[in-house]
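Look over the sequence and the structure before reading on.

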Number of protein chains: 2
Amino acid sequence: VKTVSGTAAAPSRERRVLDAAVEVFWEKGYAAGSVREIADVAGLPKTSLYHVISSKDELLFRIFDESHRTSLAMMDEVAAMPGTPLARLRAYVERFVAYYVENIKPVGLYYRERRFIGGDRAATLRAQRRDYDRFVRGLIEAARTAGEADLEVEPTLATFFVIGALNDISEWYEPAAGVTPAEFAAAYAEVALASVTPA
Amino acid sequence: VKTVSGTAAAPSRERRVLDAAVEVFWEKGYAAGSVREIADVAGLPKTSLYHVISSKDELLFRIFDESHRTSLAMMDEVAAMPGTPLARLRAYVERFVAYYVENIKPVGLYYRERRFIGGDRAATLRAQRRDYDRFVRGLIEAARTAGEADLEVEPTLATFFVIGALNDISEWYEPAAGVTPAEFAAAYAEVALASVTPA
């Protein structure tokens, strides 16, 4: 029987499942993590997981999709900002890095495990990655046109370089005492900006 | 009976096992790849694998160790080079990137799968990673001292930035027609150098 409280509890069950999946996939890797373990960590019977998701693959995809929606919102926000292309690149890197270090596991999983997503969802991930590359590359190219960027640096490689340096954060980041995510993000953005500005 | 030809064949069996392990771990991920599949790909009976390695973990470690020895040799070579710290940083990035793109699978596996290495070997990997960080950081710091590097860029973050951008190569690199690994490496090194030089 679907009650009002039952309806209200539905998003919370989904949240618990996604959070548990993040923990299990982060700890064991996607390939070795099982739906049974995720159910255990979520404190739910395994069968009830299939009300939330249809497969392990879908679960991983849903984790990525949450991060992607946040990234999209950031890109829209930054695209609408005043200022030079380089100022927008800095704003984007700062926002993305701050979000990443506050969500190391779900965002880091994207870089670690995205190759395990198959079929139509893999095509969606590739399209999302292209949007993301195109956004960063667009800012770098606009910075060149505006005379803000080093002309010796090839925009496609600079895009991969910056995105690569962002991706890898989950592999080494450790919160430092007295340094907020925003401060860390600002310092990292400084390095990212230096990589595209003229020597 | 150990014959002369039997002795000569030993390294070749090891080579086949390591190469097969690279293929299987790259395709399926370390967690999902099995010793049985590696034996099949190597064209050897599973039991004979245990003459070469004692565990799956050791196999992955041996793959990493080969790359590490090559990296060490590069570091030694570059450390002995004449020229400024920045010229040595460029030389190192060029050599490393060229080696990486010619060995995408074994080198890329290090970045994808190193967290699966446990115990004493994990400590060895951490020590190796520290050597590697220290080398790049040493060049960046020397470049600062020599007045070649941007003082606004914090050396530890710049080190992570450059190393992160290198690590990620296996996730997006595709050989382009008419571009040699050395040419690609030189262009990528250009971006890496820009990230630490003054704007």
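The notes below cover the chain, a helix pair, the interface, the salt bridges and the pockets.

This is a predicted model, where local features need pLDDT of at least 70, side-chain atom pairs count only at pLDDT 80 or more, and totals for chains, interfaces and linings use all residues. Residues are numbered from 1 along each chain as its sequence is written, chains are lettered from A and ligands numbered from 1 in the order in which they are written, and side-chain values use heavy atoms, with hydrogens and water left out.

**Chain A**

- Chain A has nine helices and zero strands. Helices (H or I, at least four residues) and strands (E, at least two) are DSSP runs, numbered from the N terminus.
- From the N terminus on, the order of elements is α-α-α-α-α-α-α-α-α.
- Along the principal axes, the C-alpha atoms of chain A fill a box of roughly 65 × 40 × 35 Å.

**A helix pair in chain A**

- Two packed helices are described by the angle between their axes and the distance between the axes.
- The axes of helix 5 (residues 85-102) and helix 7 of chain A come within 8 Å and cross at roughly 145°. Axes are lines fitted to C-alpha atoms, for helices over the stretch in contact, and angles run from 0 to 180 degrees between N-to-C directions.
- On the helix 5 side, the residues that meet helix 7 of chain A include A:Leu89, A:Tyr92 and A:Phe96. On the helix 7 side, they include A:Tyr132, A:Phe135 and A:Leu139. Contact means heavy atoms within 4.5 Å.
- The residues of this contact divide into twelve nonpolar, no polar and one charged. Ala, Val, Leu, Ile, Met, Phe, Trp, Tyr, Cys and Pro count as nonpolar, Asp, Glu, Lys and Arg as charged, and the others, Gly among them, as polar.

**The interface**

- In chain B, 35 residues are in contact with 35 residues of chain A.
- The two chains, B and A, bury about 3,000 Å² between them, 66% of it on carbon and sulfur atoms. Buried area is the accessible area (1.4 Å probe) that two parts lose on being put together, summed over both.

**Salt bridges**

- The count is 32 salt bridges over all chains. A salt bridge is a side-chain nitrogen of Lys or Arg within 4 Å of a carboxyl oxygen of Asp or Glu.
- Four salt bridges are found across the interface of chain B and chain A.
- B:Arg114 pairs with A:Glu171 in a salt bridge, with the closest N and O atoms 3.9 Å apart.
- B:Asp19 and B:Arg15 also form a salt bridge (3.0 Å, N to O). Both lie in helix 1 of chain B, four residues apart, about one turn of the helix.

**The largest pocket**

- The largest pocket has a volume of about 710 Å³. On a 1 Å grid over the protein atoms alone, where a 1.4 Å probe fits, a pocket is an open set of points with protein on both sides within 12 Å along at least five of seven lines; lining residues have an atom within 4 Å of a point. Grid points are joined across faces, edges and corners, and a volume is the space filled by probe spheres set on the points.
- Of its 21 lining residues, A:Arg114, A:Arg115, A:Arg126, B:Glu171 and B:Trp172 lie nearest its centre.
- Helix 7 of chain A gives the largest share of the lining, six residues.
- The lining has ten nonpolar, one polar and ten charged residues.
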